[in-house]
Amino acid sequence: MADILFELGCEELPPKALYGLSKALFDGVCKQLTEQGFAFAEDSRWYASPRRLAFILRDASEQLEDSTTEKRGPAVAAAFDDEGNAKPAAMGFARSVGVDVSDLAKVMTDKGEYLSYQVTEKGQHINDVLPQVIAQAIKQLPIPKPMRWGNNDFAFIRPVHWMVLMNGENVLDMSLFDIKSGQQTRGHRFHHNTWVKIPTAVDYVTVLQDAEIMVDHLEREALITQQVNAAAENAGGVALINQGLLQEVASITEKPVVVLGDFFTDFLAVPREALISSMEKHQKYFAIENQAGELMPYFIALANIDTKNPAAVKKGFEKVITPRLADARFFWEKDKARPLADNIPLLEKMVFEQTLGTIADKTARIAKLLNWLAPQMNFDAAESDRAAELMKSDLMSDMVDEFPDLQGLMGGYYAAEQGESDQVAKAIRDQYLPKFVGDTLPETALGQAVSMADKMDTLCGIFAVGKKPSGSKDPFALRRAALSVLAILQQKATNVSVPEMVKQMMSFMPVEDTVEAEETVNQFIQQRLKQQYKDNGISYDVVEAVLATDSDNLPDIDARIEACQSFKQAAEAGSLIESNKRINNILAKAEVAEAKLNENTAIDVGLF
């Protein structure tokens with residue numbers, strides 16, 4: 001059995017890509033080796049830090065077993081003459097398998113007797129296949145913008161400086177990116193900035209640990225989580241740990257050390273989402289809230305070094321966050337002083353899609369659908385008109401220009417500050433919800449309607465102009481939009497017909513013929529619904545049976561699905577299903593008999 005180590009040493013890798021690249025490299029190598037017949041232990045795993053992609057395959061099979069295959073040659077009758085001398089066909093087959101004609105065997109088949117030869121192929125050794133397998137896996141990595149360095153023709157996500165490929169204690173010969181494999185790696189850039197020798201593959205993690213590097217990405221995430229929670233607890237609060245931020249912070253540190261900092265309490269007058277976005281997006285800091293869910297004037301940053309002067313490090317982190325929070329406060333004060341309605345004319349210059357028009361055109365279509373939804377969902381039509389009119393106005397604000405992830409949220413805050421009704425403010429705030437599966441749903445009926453209308457406009461409009469998703473490409477996030485509409489209708493028990501909603505929205509589109517697009521949108525949404533049920537463990541036949549009914553009310557469909565799924569588990573279900581099949585078969589035969597009867601209506605009563 002073999003223990004295989006591979007490491008590719010680079011300049012600092014993009015933190016948002018590190019996790020995905022490391023896993024993709026490991027998965028690509030494992031897939032190729034498995035397809036070729038090699039096996040390895042389950043505790044094989046990938047490693048990553050800001051300057052390296054690596055993996056270890058533990059207890060890998062070194063040598064595949066020899067394989068024997070039979071090669072069939074020409075028919076014996078065509079291979080020899082009447083005197084038994086070999087013809088060119090026999091001699092050519094012998095040369096192709098590298099033996100004399102006398103070494104060939106004869107095999108009887110249902111088509112007659114043929115020449116054959118048992119060819120033994122020696123099993124491959126893992127040392128021989130690894131370089132090609134690794135090179136192919138690296139070639140297939142999802143790198144959106146590869147870069148070149150020096151005068152080289154090759155490219156990678158960052159310049160490569162060293163490479164390690166070992167089987168146990170032995171270095172395997174490999175050359176990639178004009179670098180030859182060895183058994184030396186680099187330690188921590190500040191604490192141990194020297195070359196470090198790796199004695200054997202299994203010593204890799206320990207060697208790097210001694211060189212001040214925690215190379216296991218998942219262990220770094222766990223350590224960071226533990227340290228961040230402890231620091232927040234010391235501050236009397238709870239850390240807000242965003243999984244994406246955690247993964248990114250783990251990708252920019254090799255020796256994570258938490259630092260608790262603070263900022264002026266005056267900044268807390270700014271909406272919490274703006275402060276959190278500023279801390280997370282710009283500085284990669286974790287925010288802290290108290291037990292009541294209120295933001296506290298603290299943050300947690302991650303340093304990549306141990307320091308003898310932690311106060312100086314803390315001061316440095318505070319120094320860079322202060323101007324960021326000051327910017328957020330400036331945007332907040334400036335934006336809320338400007339009425340949202342003043343931004344409406346500017347939306348007429350912001351193009352949503354060339355054929356579908358501007359953002360102002362989009363909000364006008366949304367308002368029409370909201371008027372159709374109002375009596376069904378029991379909200380005030382006048383408030384829905386106001387919500388539609390203002391819902392996209394914050395796109396022109398300085399805050400959303402700086403923090404695009406706050407669109408909608410800031411509009412809700414500005415609407416409330418400027419005296420709009422609570423219903424209108426909440427509808428504007430919730431218009432983008434849910435943003436992902438399992439996300440919070442809009443709070444009010446008007447908010448739910450605004451969210452659905454916005455997404456239905458995008459769905460129907462993009463399909464109407466012929467830009468539906470293809471393969472994995474979905475630039476307008478139409479799949480997510482469809483799932484969001486389904487989530488609102490299902491979880492809020494909203495009795496609105498999806499096909500009718502699609503029909504209504506299509507009628508507002510600036511496109512002449514929408515019949516085909518309307519049908520396609522309905523099919524698209526139904527496919528999402530089917531997949532959703534499948535993912536939730538509902539059997540295919542139950543889903544098809546319920547969707548074959550005339551019901552287009554999602555709460556009703558959900559109830560039918562649940563009832564059918566429950567009944568299918570009952571003992572009586574089998575008997576009923578079998579009886580139904582027999583009845584269908586009898587009726588089918590009866591229809592055939594009736595058709596024949598109609599062809600000849602003369603009846604012989606004597607046959608009765």
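Modeller: Two strands pair if DSSP finds at least two bridges between them. Strands (E, at least two residues) and helices (H or I, at least four) are DSSP runs, numbered from the N terminus. The model under discussion is predicted: local features need pLDDT of at least 70 and side-chain atom pairs pLDDT 80 or more, while totals for chains, interfaces and linings use all residues. Residues are numbered from 1 along each chain as its sequence is written, and side-chain values use heavy atoms, without hydrogens and water.

Colleague: Which other strand is joined to S15?

Modeller: Strand S16 (residues 295-303) is joined to S15 by three bridges, also in the antiparallel sense. Phe286 stands opposite Ile300 in S16. S15 and S16 form a hairpin with five residues between them, and Gly293 in the turn has a positive phi of about 85°.

Colleague: Why are S2 and S8 called edge strands?

Modeller: Five strands form an open sheet in the order S2-S3-S1-S7-S8, with antiparallel pairing. Strand S2 (45-49) and strand S8 (170-171) each pair on one side only.

Colleague: Why is the aromatic pair of Phe26 and Phe55 called tilted?

Modeller: A search of the whole structure finds 17 aromatic pairs. The rings of Phe26 and Phe55 are 6.3 Å apart, centre to centre, with 55° between the planes. Rings of Phe, Tyr and Trp (its six-membered ring) pair if their centres lie within 6.5 Å; planes under 30 degrees apart count as stacked, over 60 as edge-to-face and the rest as tilted, so this pair is tilted. Phe26 lies in helix H1 (residues 15-36) and Phe55 in strand S3 (residues 52-60), so the pair ties together parts 29 residues apart in sequence.

Colleague: What is the geometry of the pair formed by Trp149 and Phe154?

Modeller: Their centres are 5.3 Å apart and the planes make 65°, so the pair is edge-to-face. Trp149, Phe154, Phe156 and Phe177 form one aromatic cluster.

Colleague: Are Trp149 and Phe154 buried, exposed or partly exposed, and why?

Modeller: Buried means under 20% relative accessible area, exposed over 50%, and partly exposed in between (1.4 Å probe, protein chains only). Trp149, with 15%, is therefore buried, whereas Phe154, at 24%, counts as partly exposed. Phe26, at 11%, is buried, and so is Phe55, at 0%.

Colleague: What makes Arg186 a charge over the ring of Trp195?

Modeller: The charged end of Arg186 sits 4.8 Å from the ring centre of Trp195. The criterion is NZ of Lys or CZ of Arg within 6 Å of the ring centre and within 35 degrees of the ring normal. Arg528 likewise lies over the face of Phe524, at 4.5 Å from the ring centre.
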